[in-house]
Amino acid sequence: MMAETLRTSRVREWARSRWRDWVITLAAFVLALIVGAILMIAADPAVSSNFAYLFTAPGLALGAAWTKVSTAYAALLNGAIGSPEALAATTAAAAPLICAGLAVGLAFRAGLFNIGAQGQAIVASMAAAYVGFAWSLPPVVHLVVAVAAGLIVGGVWGGLVGWLKARTGAHEVIVTIMMNYLAAGLLAWTLTTTAFQRPGRADPISPEVPDSAAFPQLWGQLHLGFFVALAAAVAVGWLLERSTVGFAIRAVGANPSAAGTAGMNVGTTTIVTMTIAGALAGLAGVQAALGPSVNGVPVPLTEGLVGTVGFDAITVALLGRSRPLGIVLAGLLFGGLSAGGLAMQSVAQTPLTLTLVLQALVVLFVAAPQLVATLVPFLKARKTRVSLTGVDA
Amino acid sequence: MSTESRAPSLTDAPEQLDFEVIESRDARRARISTGALIGIVGVMLGVLFFGTEGSASFALSDAFADVQLPTIVIPGAPVVAVAAVACLLVAAGFLSGRLRGRQRTLAGVIAGLAVVIGFLTWAAAGKDLPFPVANQLAGTVFTATPLILGALCGSLGERAGVVNVAIEGQFLTAAFAAALVGSVTKSIPAALFAAVLAGVMMAAVLALFAIKYLVDQVVLGVVINLLASGITGFLFDQLVQPNSRALNNAPTMDTIPIPLLSDIPLLGPVLFDQTILVYLAVISVVVVWFLLYRTRWGLRVRAVGEHPEAADAVGISVKRVRWQAVLVAGVFSGLGGAFFTVGSIGSFSKDLTAGNGFIALAAVIMGRWHPVLAATMALFFGFVVQMASQLQTLNTPVPSQFLLMLPYLATIIAVAGLIGRTRAPAADGVPYAK
């Protein structure tokens, strides 16, 4: 009887904390939009100049501000989910974010900060693109080999960090940050070599990846890569919740000393986690290298091909609380933000960089629930620390 | 009688005892891997020896200098060979464990010099153009300026226990603020003030979330960088780009030659004919060192970074001291950020700091969280970055990208404990909640 009530109260506690997570995330998003709106108004001289007459003609100032903000956000929303084409574009933008988000999230669960998804994605995109444009293989085989090449190279690049950490205690944050720049330097150099540079070009750009190695397009910009990303999320979910390796990962994340005492090999778990994380981030790089762009063919390898996916991934993993489902949703949200941002730029002449601000603000607010509770009146502040990285405490 | 025969006199005792030196596992690993690394470099130089032809010339003064120093011409192959042998000897010394204490430091310095001289000789050998030494040194000081300031910002914050991955973001906002205010006011002091203000404001964001809301500091740093990139990028696109002549046209700093000192050949122009920012950077190193190690406040900063509970127990307000340290650190990153716009080119472009904040972070770690060492490391990284661009003009077969990777690679080697031990302040990155 006692156990029963304890259990129900625990379930209730769990449900309440989940509900709180959702409310805080929503509030964080609204707050970010408000700050974004203020920024938009302040940065547009045509709108902000009206605020000089705020008290004499409030309608003028507020009206201009409202028009500016509502046009921009309407275009953003429309570009993200307004039409089937927009939705397809959102999935295409979300796919690499989900993969890289899983890479960061999985490492978080083992108590590791994988700031190196960027570098892992870069080296993987190099490998996948190279197999794509340099080898000629039959259609399906070509894609599989190219993806595998990316996964392996990304896994090795990530595993190296785990190995250094396990062997020498080198802090993974510093090592991954530095390896991001090593990867970028490596890419910059390879693009000047004959193996990678497109014949007849002086600028750093690779040949195009043929269709046989590209993810097939399904509808609009929706391509197979998105479903690969979803499958990766399911796989990570299974790994974490249903496998021995996943149990070791979570145990090491919760308390490495206890896990070590219980007979788990903390070093090996670290290496395994970083290898899998590297492969997942590698998948994001593969998506960038082999996923068809707007015009239907993959973008050739250049220095900026993967963009800032590795850093965006950190925000995705944080917003998704390092849970696979959360990461998929957060990836879709930020994917929508970037797809919608393009529409906002062309329709409402509001620069795409605003979405970067929104993204950073959402995560900043989510990271500090007490601040959100202070700003939003009806949320009660709680003293306990929210586990940002989703580590089982 | 009996006692005298049994006990030797106390003064003789130390000479008779033979201490057996027991090396810890870490020290042994560090010694062996350092030796191996130097050995590998020595072997590489040995390989390069076979590709070295002709003689290498080094121009000590640039063509426009008033006092022309001679151009030094040295034979290529023998110098590279000597450098290679020196490296191999030092490596052998390390690996055999014969070198101790001071000798080891000396050997390390010799190996370092041998690597630089050997490598430069190989690069310059057989080329028509002499290697411009004066340019290299002046460029080193110039490139290192923001790195030094950033490293000071990082070490001050981390000494107080707040990890600062956001130096890059602080640089970026400060650079933007300096360019904007400089363009509007056409005044360098105003631009510098704006940069410092922007640096401190970003530092305040870091402090607010890290100290008050206990957000994980690494994650926070990454997000602040993203925020800085977003805000400066958005304001640039929306506000600055459309009227860049009015808003992105800041004056640049003039060099201020120090009378007499700047007339010294070679070193004069390098050290004493620079912009105010360079002098400020050098002064800042001394100031931060003095603050941290010679003032009561500095003792408190280090205390809250090493053992906040103990500091709290003796009545130091951990949060207040951390706030102060992070905000003061923001001043230096603000100055460093100003370098990228008013300190050099005068105009802002998106993400123009290009990873310099992370090189500064690398310098903090390589410099073991000590302001003077960190600044020295920043100078070294500046040297490497400058050399990469010099070698590009010399048309050497080594890709400049590899040289640019050196700071990052060196940092990985350092944190992996391959060269000595790096130990962060004990409470670095740990939020303090009472």
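What span should the 21 residues of helix α4 of chain B have at 1.5 Å a residue, and how far apart are its end C-alpha atoms? The views below are of a predicted model, in which local features need pLDDT of at least 70 and side-chain atom pairs count only at pLDDT 80 or more, while totals for chains, interfaces and linings use all residues. Residues are numbered from 1 along each chain as its sequence is written, and chains are lettered from A and ligands numbered from 1 in the order in which they are written.

**View 1. Helix α4 of chain B, residues 76-96.** Helices (H or I, at least four residues) and strands (E, at least two) are DSSP runs, numbered from the N terminus. After α4(B) comes Gly97(B), with a positive phi near 80°.

**View 2. The buried residues of α4(B) and their cover.** Among the buried residues are Gly76(B), Val79(B), Val80(B), Cys87(B), Val90(B) and Phe94(B). A residue is buried if 20 or more other C-beta atoms lie within 10 Å of its own, exposed if 12 or fewer, and partly exposed in between, with C-beta atoms placed from the backbone. The cover includes α3 (25-49), β1 (55-59), β2 (71-75) and α5 (101-124) of chain B. Two residues are in contact if their C-beta atoms, placed from the backbone, lie within 7 Å.

**View 3. An open sheet of three strands in chain B.** The strand order is β2-β1-β3, with mixed pairing. At the edges are β2 and β3 (131-132) of chain B, each pairing on one side only. β1(B) and β2(B) run antiparallel and are joined by five bridges; two strands pair if DSSP finds at least two bridges between them. Ala56(B) has Ile74(B) of β2(B) as its bridge partner. Helix α5(B) packs on the sheet, touching β1, β2 and β3 of chain B, and its direction makes about 105° with that of β1(B). Axes are lines fitted to C-alpha atoms, for helices over the stretch in contact, and angles run from 0 to 180 degrees between N-to-C directions.

**View 4. Leu187(A) in helix α7 (residues 172-190) of chain A.** Leu187(A) is buried because 23 other C-beta atoms lie within 10 Å. Leaving aside neighbours within four places in sequence, Leu187(A) is in contact with Ile122(A), Met126(A) and Glu303(A).

How values were computed: Expected span 1.5 Å × (residues − 1).
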